[in-house]
Amino acid sequence: MRYLAKVVGTGAILLMATACAGQDMPISQPASGGDSVAPSGSVSTSPSESVLPTSPSANPPGKPRLTVPEGSTPVPPNKVDAAALPADYPHEVWTANGGTILNIRAQEGGCGHALGEATEQAGDRVVVNLSETKAQTGQMCTMDIRFPVISVALAAPLDQRTVVLKTTK
């Protein structure tokens with residue numbers, strides 16, 4: 001008798017959890033023709049609520065993202081010096097905010113996070129040091145490589161200066 005009460009109680013809890021969890025799930029339509037019954041409830045979203053990620057706009061310096069912010073302008077390849085980077089490292093650079101923000105395609109992997117810092121801002125060049133934070137010891141990390149876009153703030157617009165990209169461990 002006790003066993004039956006436990007089974008019925010567990011079943012009731014699972015039924016409630018399933019019913020509650022299913023309320024936010026989208027309702028799918030049948031794949032092909034046939035009779036179907038319309039759902040009795042309706043799901044609505046407010047205009048500010050969206051399923052898709054918001055469009056990339058401003059990207060605060062130091063915050064990586066996977067896409068280049070809208071309105072960014074590519075820096076011509078002859079104005080990017082990537083000789084100090086490993087051969088397989090990306091060397092794409094864009095400017096934004098009147099040339100005072102550099103958006104740079106970086107490389108990170110596993111539990112690491114890409115970082116960028118303008119270490120020198122001379123009259124003819126801007127040196128950007130790209131680095132990656134590493135995970136704590138003993139922490140399990142995936143073996144993937146990502147190419148986020150990081151933002152680096154400049155003291156003055158880039159204009160005709162050359163961007164020199166370097167990496168450090």
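This is a predicted model: local features need pLDDT of at least 70, side-chain atom pairs count only at pLDDT 80 or more; totals for chains, interfaces and linings use all residues.
Strand β7 pairs with strand β10 (residues 162-167) in the parallel sense, over six bridges. Within this pairing, Val-127 has Val-164 of β10 as its bridge partner.

Strand β7 covers residues 125-133 and contains Asn-129. The relative accessible area of Asn-129 is 19%, and this residue is classed as buried because the value falls under the 20% limit. The side chain of Asn-129 makes a polar contact of 3.4 Å with the side chain of Thr-168. Beyond its neighbours within four places in sequence, Asn-129 is in contact with Leu-115, Gly-116, Glu-117 and Thr-119, as well as with Lys-166, Thr-167 and Thr-168.

Charged side chains were examined next. Side chains of opposite charge can pair when their charged atoms come close. Five salt bridges are found in a search of the whole structure. One of them joins the side chains of Glu-92 and Arg-105, with an N to O distance of 3.1 Å. Glu-92 lies in the loop between β2 and β3 (93-96), whereas Arg-105 belongs to strand β4 (residues 101-105), so the pair ties together parts that are 13 residues apart in sequence. Glu-92 is partly exposed, at a relative accessible area of 36%, while Arg-105 is buried, at 16%.

A salt bridge is also formed between Arg-146 and Glu-108, whose closest N and O atoms are 3.0 Å apart. This pair links distant parts of the chain, since Arg-146 is in strand β8 (residues 145-146) and Glu-108 is in strand β5 (residues 108-109), 38 residues apart. Arg-146 counts as partly exposed, with 22% relative accessibility, and Glu-108 counts as buried, with 7%.

In a further salt bridge, between Glu-132 and Lys-134, the closest N and O atoms are 3.7 Å apart. Glu-132 counts as partly exposed at 22% relative accessibility, whereas Lys-134 counts as exposed at 67%. Elsewhere, salt bridges with shared partners join Glu-108, Asp-144 and Arg-146 into one network.

Key:
Residues are numbered from 1 along each chain as its sequence is written. Side-chain values use heavy atoms; hydrogens and water are left out. Helices (H or I, at least four residues) and strands (E, at least two) are DSSP runs, numbered from the N terminus. Buried means under 20% relative accessible area, exposed over 50%, partly exposed in between (1.4 Å probe, protein chains only). A polar contact is a pair of N or O atoms within 3.5 Å; within protein, one must be able to donate a hydrogen and the other to accept it, and residues adjacent in sequence count only if both atoms are side-chain atoms. Contact means heavy atoms within 4.5 Å. Two strands pair if DSSP finds at least two bridges between them. A salt bridge is a side-chain nitrogen of Lys or Arg within 4 Å of a carboxyl oxygen of Asp or Glu.
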